[in-house]
Amino acid sequence: MMIDTALLPQSQIAELFFQVYRYGQITKEQRQFLKTFLLQETLPYEERTAIDRMIYAVRRGWLKIAE
């Protein structure tokens, strides 16, 4: 599934961040969305920071990776 990130509102990263922390896990679709979003050349600082926090939480075991 290809996501055209140019058409996505910037607030989707914030929404994803809250969903992931609310449920304590990140799904395959959410991970794919983050990968696609990270490939953007112009990634705002706030979105980059939110993504970094999610990655850090997964590494620390605070968030689970759902299969």
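In this predicted model, helix H1 (residues 11-23) and helix H3 (residues 45-60) pack at an angle of about 20 degrees, with their axes 10 Å apart. Helices are DSSP runs of H or I, at least four residues long, numbered from the N terminus. Axes are lines fitted to C-alpha atoms over the stretch in contact, and angles run from 0 to 180 degrees between N-to-C directions. H1 and H3 are therefore roughly parallel to each other (angles under 35 degrees). The contact (heavy atoms within 4.5 Å) involves Ile13, Phe17, Val20 and Tyr21 of H1. From H3 come Glu47, Ala50, Ile51, Arg53, Met54 and Ala57.

Glutamine 30 is found in helix H2 (residues 28-38). Its relative accessibility is 13%, so glutamine 30 counts as buried (under 20% relative accessible area, with a 1.4 Å probe and protein chains only). Leaving aside residues up to four places away in sequence, glutamine 30 touches Leu16, Gln19, Val20 and Gln25.

The structure holds 4 aromatic pairs (ring centres of Phe, Tyr or Trp, the last by its six-membered ring, within 6.5 Å). Tyrosine 56 and tryptophan 62 have ring centres 5.6 Å apart and planes at 75 degrees, so the pair is edge-to-face (planes over 60 degrees apart). Tyrosine 56 is partly exposed, at 38% relative accessible area (between 20% and 50%). Tryptophan 62 is exposed, at 53% (over 50%). Ring pairs also link Phe17, Phe18 and Tyr21 into a cluster.

Residues are numbered from 1 along each chain as its sequence is written, and side-chain values use heavy atoms, without hydrogens or water. Local features need pLDDT of at least 70 and side-chain atom pairs pLDDT 80 or more, while totals for chains, interfaces and linings use all residues.

Methods. Helix = DSSP H or I, 4+ residues; strand = E, 2+ residues; numbered from the N terminus. Parallel < 35°, antiparallel > 145°, perpendicular 65-115°, else oblique. Phe/Tyr/Trp six-rings, centres within 6.5 Å; stacked < 30°, edge-to-face > 60°.
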